[in-house]
Amino acid sequence: MANLYVTSAETFSGKSALCIGLGIRFRADGFKVGYMKPVNVNCRLREGLPYDDDIGFAKEIFAMQEQPTLIGPVALTPAKLEQQLRGPDTDYTPRFVEAFAQLSAKRDVMVLEGGRSWREGYVTGLPVKRVVELTGSKVLIVLKYDDTLLADRALAAQDYFGPALMGVMINETPWAILDQVRKSIVPYLLRHNLPVLGVLPKDIMLAAPTIAELAGGLKAEVLCNAEHMGKLVEHMMVGAMSVEAALTYFQRKPNKAVITGGDRADIQLAALETSTRCLILTGNLYPSPAVLNRADELGVPVLLADMDTMKAIEIVESYLGRGRVQLPQKIDRFSGMLNEFFNFTLLYEGLGLHIKS
Amino acid sequence: MLEMFTEPRGVAVIGASPTPGKLGYAVLQNVKLYGYKGFIYPVNPKAGEILGLPAYPSVLDIPGPVDLAIVLVPAQAVPGVIDECGQKGITGAVVISAGFREMGREGRQLEQELVKTAQKYGIRIVGPNVLGIIDTVIGLNASFAAGMPAKGKIAFMSQSGALCTSILDIALGQGIGFSRFYSIGNKADLNEIDFLKAWSEDPETSVIAAYLEGIANGPEFMKVARQVTRLKPVVSIKSGTTSAGSRAASSHTGTLAGSEKAYDAAYKQVGIVRAGSVQDLFDYSQAFARQPLPESDAVAVVTNAGGPGIMASDAVERIGMRLASLTPEIQQKLRAALPAAASVVNPIDVLGDAPADRYALAIEAAESDPNVGIVLVVLTPQTSTQIPETARLLGELAQKYKKPTFAAFMGDQAIRPALKILTQYSVPNYQVPERAVAAIAAMWRRRHWLSTPELNLEALAVDRENVNRVLDKIRSEGRSSAGDTEAKDILAAYGVPLPKSILAANADEAVAAAETIGYPVVMKIASPDILHKTDIGGVKLNLSTASDVRDAFDLIIYRAIRHMPEATIWGCQVQQMVRGGKEVIIGVNRDPQFGPLLMFGLGGVYVEALKDVTFRVSPVDRREAHEMLGEIRAYNLLRGVRGEMPSDLEAIADTIVRVSQLVSDFPDIVELDINPLLVFPAGQGVLGLDMRLALAMKPSKE
């Protein structure tokens with residue numbers, strides 16, 4: 001029985017993707033694997049009920065029969081958090097222990113997904129360290145590459161977890177730096193008894209939001225090609241210049257969303273001449289039928305947003321690089337990356353797992 | 001080539017209607033009305049008889065041969081109708097019906113179906129979504145236009161059906177005739193290229209005129225147009241090229257209008273005469289249809305009023321032509337024959353009271369003068385002016401001497417009787433001298449075009465594999481712009497001369513590089529992410545010692561990191577410092593219609609602030625490259641002023657030709673700038689000092 005607790009030092013580090021990717025690999029290697037999200041201090045509500053995207057998706061991928069409330073036994077909604085703060089303190093430990101016992105009963109490996117940082121959970125009486133102790137887990141930290149302070153954060157985690165920390169995965173490394181990271185940071189951490197289980201390159205596609213996600217954020221009306229809303233948006237460009245300048249400008253980025261006024265037919269067409277995933281029209285100005293027709297022809301969704309361009313830019317920017325990874329095509333892609341860049345041998349050694357032939 | 005449209009044995013009007021006021025009635029009536037001698041078959045499921053002709057429920061029921069179908073049924077029914085046409089053996093169809101690509105997804109699909117069905121049988125389609133076609137040669141009006149144009153030698157095509165109706169009416173008013181008059185609509189099958197080809201071979205057509213909103217295939221269009229204009233003049237209105245116009249065009253048609261510069265360049269390169277307006281289109285077409293091309297640019301003006309004579313002279317000079325210097329003999333002749341107050345120096349003023357014979361004297365003098373290439377006769381309707389007689393004598397003289405002769409009878413009501421006469425004698429008339437001169441200039445430019453040699457592209461010795469290698473590397477790193485070294489490598493592979501240059505990754509390497517190259521040197525930041533090096537202080541000039549070089553290296557790197565912390569920095573480019581020479585710019589951009597667009601200009605402020613630049617669509621040959629040099633206003637600076645040596649124009653032209661081949665060979669290059677290209681005195685060549693290169697980002701597959 002091996003338990004792996006996956007956590008990270010910041011948001012959008014790739015932790016959820018890794019949990020899913022590991023789960024898929026474990027299953028493929030013949031293990032009975034289960035997923036759990038021990039503590040969620042920031043649980044959202046959907047139609048009045050607690051809801052967690054990650055759990056829903058993982059349940060499917062891991063093919064688990066158990067209820068979401070068991071898979072995420074300690075989920076603090078805003079109301080529950082308020083209650084906890086007012087007191088008296090509820091100890092969530094028994095609930096957690098019971099849930100874990102049930103989930104891990106007939107399984108070979110448990111993948112436990114942590115929250116946004118390893119300093120979470122104290123409010124519930126279940127700080128990360130405690131969860132790790134209670135479950136006898138090994139810890140794997142996902143660190144998003146961001147310059148040289150990476151090494152510092154890795155050592156801080158080592159300090160906190162002690163020998164339970166079995167390794168680090170460095171994610172989203174720019175291609176040009178990959179070599180440098182392998183030659184300097186990885187050996188450094190190894191010298192400090194911290195194995196690096198993988199250095200993954202940055203992949204825009206994985207963090208790209210779908211057009212549907214953007215439309216949701218913009219509360220935009222979809223004017224055509226609704227069937228293509230699942231496509232991924234990697235970049236954003238704004239069209240506010242002369243059409244000649246626009247053409248050259250728009251050539252520079254592929255798979256992009258182009259934001260421009262609804263009345264700028266020429267800019268819209270220039271965008272459609274290049275690799276554009278969707279048009280976002282602002283000012284609530286309906287575009288010309290001829291342009292809509294052209295977009296329709298090219299299979300490019302057109303979104304109509306009732307706001308000014310500045311606001312639209314803000315919103316789209318907040319989604320770029322932070323798209324949900326829980327999409328089948330992204331999971332496939334990430335699994336491929338793990339196969340190439342992640343050291344499963346080292347992981348299995350560390351977890352004491354042996355592949356049954 | 002398109003005989004099914006120009007010589008059909010039988011015409012079927014599918015969707016004909018017995019009800020006056022309906023489209024199917026109007027079209028059938030038009031087909032009947034104007035002298036078409038072949039068989040006309042109305043097709044209507046309720047059959048019976050329409051406008052005295054037996055009607056058939058389907059083309060398949062028609063007894064005799066049918067070559068052309070005019071289709072008026074609703075869009076959904078069209079593919080089925082075309083299929084029946086195919087079975088019947090009909091080879092041409094004019095689909096007037098609307099409701100296709102212009103309407104949205106369903107319309108697009110219908111149009112695709114229509115094309116597929118037509119292709120199955122080899123049927124050629126005009127349209128859909130058109131006014132129809134009119135042919136004055138066979139007297140066939142297969143359209144719903146009100147009226148029939150006069151006969152003439154001009155073939156006209158228009159993408160806008162609505163514009164056709166106006167043009168028809170204006171032409172009728174101005175007495176302009178057409179051979180073929182086609183509304184080409186959605187161009188689902190036959191497009192402007194097909195008509196250019198067909199009409200270039202049409203013996204009834206001597207001028208091709210067009211209104212185009214969007215060209216389907218720019219490079220193919222240019223190739224065909226180049227050949228056609230060698231045979232016949234092509235005059236085209238191209239709309240939507242200003243930014244306001246382009247926005248309107250985009251909104252209306254759903255296609256990008258294409259840039260002004262690209263169209264200007266493309267038309268110039270293929271010899272198409274560009275009309276700025278519908279009036280220009282008529283003015284030029286008329287001139288080409290009725291008069292021969294001039295042999296010289298010397299214009300003689302004969303006028304009965306001083307003011308208009310001056311206006312004509314101004315117009316001639318403004319447009320770049322000249323007033324002829326009459327020979328002494330002719331001047332003497334005129335002096336002897338005209339009243340004392342008359343002017344015998346060009347413009348020849350025969351005075352306000354000139355009767356027809358005095359006019360004729362002066363006109364004959366101009367026509368017979370060997371120094372005169374073109375004769376322009378200006379007339380104002382004064383009390384003693386004998387308008388029709390003057391027109392007749394003018395016409396006779398024009399036909400006798402066969403010199404390009406034009407009339408500017410300035411008036412409306414009073415000169416109306418003369419218009420018919422001038423038309424009979426094939427002399428074009430213009431209401432004001434400026435318009436006449438504009439048409440004359442268009443004819444002169446065509447004469448010049450015909451004497452221009454054909455495009456002659458050389459196969460330069462270049463290293464394509466190297467360029468492919470560099471481009472692959474750039475792509476594999478997910479970049480869209482080339483770093484300095486990469487841009488240099490690419491240009492060097494195509495033979496563009498470059499200064500000695502070495503990439504240094506650190507200060508030590510920089511010093512070693514400087515010693516190899518030789519002091520003084522120049523240093524520039526080497527990074528694919530930093531495009532405007534000077535703006536961020538990433539360039540240092542005139543470094544003459546090792547310590548200068550070290551300091552410069554550190555300073556440049558520091559500034560670069562401060563400016564763009566995430567930039568990939570490879571180090572500094574150490575380059576030989578070049579002194580002297582003039583700066584020019586060669587740039588390339590991608591036009592959506594025509595592809596790579598070359599730009600040339602004198603460097604620095606001449607391009608940035610004065611926009612003294614010229615354009616051509618790539619590929620260009622050496623002659624065109626030289627032409628570009630001559631077109632910038634600052635050309636004289638290159639030729640050398642105030643005792644300066646002329647610059648090496650040959651080397652600049654050579655570089656332009658090489659860049660042209662590079663961007664034609666590699667369509668992925670969407671932007672390229674050599675700025676500056678340093679030019680030395682004649683014989684000493686050029687050096688590309690700095691360059692940028694950007695690739696199109698290919699969309700990723702998911």
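Predicted model: local features only at pLDDT ≥ 70, side-chain atom pairs only at ≥ 80, totals over all residues.
Local features need pLDDT of at least 70 and side-chain atom pairs count only at pLDDT 80 or more, while totals for chains, interfaces and linings use all residues. Residues are numbered from 1 along each chain as its sequence is written, chains are lettered from A in the order in which they are written, and side-chain values use heavy atoms, with hydrogens and water left out.

Aromatic rings come up first. Rings of Phe, Tyr and Trp (its six-membered ring) pair if their centres lie within 6.5 Å; planes under 30 degrees apart count as stacked, over 60 as edge-to-face and the rest as tilted. That rule gives 22 aromatic pairs over all chains. One of them, B:Phe156 with B:Phe178, is tilted, at 6.1 Å centre to centre and 50° between the planes. B:Phe156 lies in strand β10 (residues 150–158) of chain B and B:Phe178 in strand β11 (residues 177–183) of chain B, so this pair ties together parts 22 residues apart in sequence. Helices (H or I, at least four residues) and strands (E, at least two) are DSSP runs, numbered from the N terminus. B:Phe156 is buried, at a relative accessible area of 0%, and B:Phe178 is buried at 2%; buried means under 20% relative accessible area, exposed over 50%, partly exposed in between (1.4 Å probe, protein chains only).

Over in chain A, A:Phe26, A:Phe31, A:Phe342, A:Phe344 and A:Tyr348 make up one aromatic cluster.

Next comes A:Asn293, which lies in helix α13 (residues 289–298) of chain A. A:Asn293 is buried, with a relative accessible area of 8%. Leaving aside residues up to four places away in sequence, A:Asn293 touches B:Arg101, B:Glu102, B:Met103, B:Gly104, B:Arg105 and B:Arg108, where contact means heavy atoms within 4.5 Å.

Finally, the sheet. In chain A, 5 strands form an open sheet with mixed pairing, in the order β11-β15-β14-β13-β12; two strands pair if DSSP finds at least two bridges between them. The edge strands, β11 (221–224) and β12 (235–238) of chain A, each pair on one side only. Strands β13 (residues 256–261) and β14 (residues 276–282) of chain A run in the parallel sense over 6 bridges, and A:Val258 has A:Leu279 in β14(A) as its bridge partner.
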